[in-house]
Amino acid sequence: MQYASGTVRGGNARARAMLRAFKQVIRDYEPPAAAGNNSNAAASSGGRPPAASRSQKYDIRHDLDHRIIKPAFQYWTTQCRPHSVSMGNAFTFLKLAVAALDRDMSLAEVQEVLVETIDAYIHERIDLADEAISKHASSKIVAGDVILTYGCSNVVEVLLSDAAREKGVDSFRVIVVDSRPLLEGRALVGRLAEAGIECTYILLNALSYVMMREVTKVFLGASALMSDGSVLSRVGTAGVALMARSNNIPVLVCCETYKISNRVQLESITGNEMGNPDDVVSDGCAMDGAGGSSEGGGDDGSSSGGAQQTKSIISNWRTVPNLKVLNLLYDLSPAEFVSGIITEMGILPATSVAVLLREMNPQDTN
Amino acid sequence: RCHLTGSTAASPTSIDPEHRTAVALPVAAIKSLLGVIQRSKATTMMGLQEDLRGATEEMMTFATESPGSLQLLGGRSHIALASGCELFMKYVTRAFLELPDFAACIAQVLERGERFAGISLAARDRIAEVGQAFIQDGQTVLTHGWSRVVSNLLVKAAEHRHFSIVVLEGRPDAAGAKAAKVYADAGIPTTVVLDSAMACAMESADLVIVGAEGVVENGGIVNKMGTYGLGIAARELGKPFYVAAESYKFARLYPLNQSDLPPMGPAAKLNFVDTASWEMTGGLVGKAKAPVNTDKDGKVDASSVPGVVQFKPNQIKVKNPPCDYTPAKYITLLFTDLGVLTPSAVSDELIRLYQ
């Protein structure tokens, strides 16, 4: 449910949460022949009742995969929210881990091994990867830099905090660019400011002003990296990258290798995810219940007492036959806008993502 | 150390008629490292790596900070030196992974290392072989700086085709003048122009060929100051821009822009002179109009040359970095001993080499 409501946001957070949930599922797993209570397993797999039959050749791996893990994932993806590339890759890893188990292992052993494997994956592919990315990025931050970032990226936050600790909070400034309707940047800028870093907060429409005058480097996060080097990230990122490029400012995209997708996507619409269109239509500035603002009130005399959002003129868009409201969540930044991609392996040009993919998955090469 | 100073046989002060056989600085460094291996008392790979790393650091310090470093590096950067040593270290580590027996591994490394100098010369020939095809009869080649790789390529190409060369003068070390002499001696019609004439000369050129101090991870190059401008002019006027470089120059650097280059040691002093270029040690390339004064070391007193402008100490700032960075997008192709590569293929090679 946390996925659907948006409480869990961001590629890393979603992948971590999914893997943690699967660990719980595995711990609670009981084979079908066990008498009585399968309710735990049933509940976590979304209410689907376990198969009653017990085949002669019971293979724990097959059972785990087909009865528990795959249905759970499908349920999440169809009922809650489409999965991110990071979740998809983590899920593929989990299936491979299950398939790689020795078929004669006991239940307790299987559970222990799987839980350990999941922990190792989170630790290596996310935690340690972020540390490595932070170290590589630190070599590109020099005193006097004005660093721009967009939205709220987990790994960018890590690398900026680390750099502030290492080089001193006064050695660089940060500009956080934010946009409606999610306004994710507010949380990031709050945390960075608390760490003592000098921060500026702007909305996307002020981008060209700061970009031309002050910015020396741009650090961006990514939801996924396509094999041709283009970057899938929060909607608005492509504009930031384009603006930086045209002002000759280096754009560094920070992305752990587990987010690399072997898909090639040519434009932003395919496979994108749509959010709630009403979020776009409403006035986001009233979200915190800061009522009494005069902008919203105006001529029609509607008061904004309490937490009531001011209704915008197109809030009845559903009744208008030729009006559509689009709230896309991701966009694609072409490889040409990206000066370098920082992964745990080091800094690479965007054109080398395919090679990295090949080196990581030698078994997939024909 | 004697290996390093020995390689100044191709030093700036004399045109070695056998420049073909002169050993490149990184190759001399590798020979030194081989010597370190031979004399090392280490019995484990870790110990040996310690010795090698220490020796490399000493060499780099010597090359960049010692008083003679200007002559040693010839006003160029130490990037090729660093990358050559690093690749050699990687090679030694990998050899150990294949042959865990320490003694046998060392024997193999030494044996292959002995061939390395030969491999380097062979690399230049291979580069000449692959690069020649890109120069056609009747064309004009624009080049910059002094590079044994490029001169080998052009001289060899001239054996089969007729083309002419335009050389940028190459201040402040008169690198272009040196190169022009070599080409003229080889019978190739050669023209020298001012460095500032590069964009103007680009119009009548058909292609550009330069060498590289280092090839960086994104496929760009670090080379003598002026290469970046040449690249921009070439792209703007639609002329192909080729780089000739051995694969040991592939460095693990990722410059984002000009200010993101590593520090390159002491900059050569600029003398503001009206006549032809001066070499950094003060020797004459052009002719002075009047007799000049030399001090007791044989160095020419710049103020005695007509047209010299002299400033009071700290009156102005002078910046003279030896190298600039040319991003990959200005480079058409690279001619290397691994074959003809596109700039994006360089990173692929580096991933493989540093796996």
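Buried means under 20% relative accessible area, exposed over 50%, and partly exposed in between, with a 1.4 Å probe and protein chains only. The model is predicted: local features need pLDDT of at least 70, side-chain atom pairs count only at pLDDT 80 or more, and totals for chains, interfaces and linings use all residues. Residues are numbered from 1 along each chain as its sequence is written, chains are lettered from A and ligands numbered from 1 in the order in which they are written, and side-chain values use heavy atoms, with hydrogens and water left out.

**View 1. Helix α7 of chain A and its cover.** Helices (H or I, at least four residues) and strands (E, at least two) are DSSP runs, numbered from the N terminus. Helix α7(A) covers residues 154-167. Its buried residues are V155(A), V156(A), E157(A), L159(A), L160(A), S161(A), A163(A) and A164(A). Contact means heavy atoms within 4.5 Å. Among the elements of chain A that cover these buried residues are the helices α6 (107-138) and α8 (185-194), together with the strands β1 (145-150), β2 (172-178), β4 (217-221) and β7 (251-254).

**View 2. Length and end of α7(A).** The expected span of a helix is 1.5 Å times one less than its number of residues. For the 14 residues of α7(A) this should be 20 Å, and the end C-alpha atoms are 20 Å apart, which agrees. Just after the helix, G168(A) takes a positive phi of about 100 degrees.

**View 3. Helices α2 and α5 of chain B.** Axes are lines fitted to C-alpha atoms, for helices over the stretch in contact, and angles run from 0 to 180 degrees between N-to-C directions. Helix α2(B) (residues 25-39) packs on α5(B) (residues 79-98) at an angle of about 40 degrees, with the axes 9 Å apart. That makes α2(B) oblique to α5(B); angles under 35 degrees count as roughly parallel, over 145 as roughly antiparallel, 65 to 115 as roughly perpendicular and the rest as oblique. From α2(B), residues including L25(B), I30(B) and I37(B) take part in the contact, and from α5(B), residues including G84(B), F88(B) and V92(B).

**View 4. V340(B) in strand β10.** V340(B) lies in strand β10(B), residues 339-341. This valine is partly exposed, with a relative accessible area of 35%. Leaving out residues up to four places away in sequence, V340(B) touches V130(B), F134(B), L333(B), L334(B) and F335(B).
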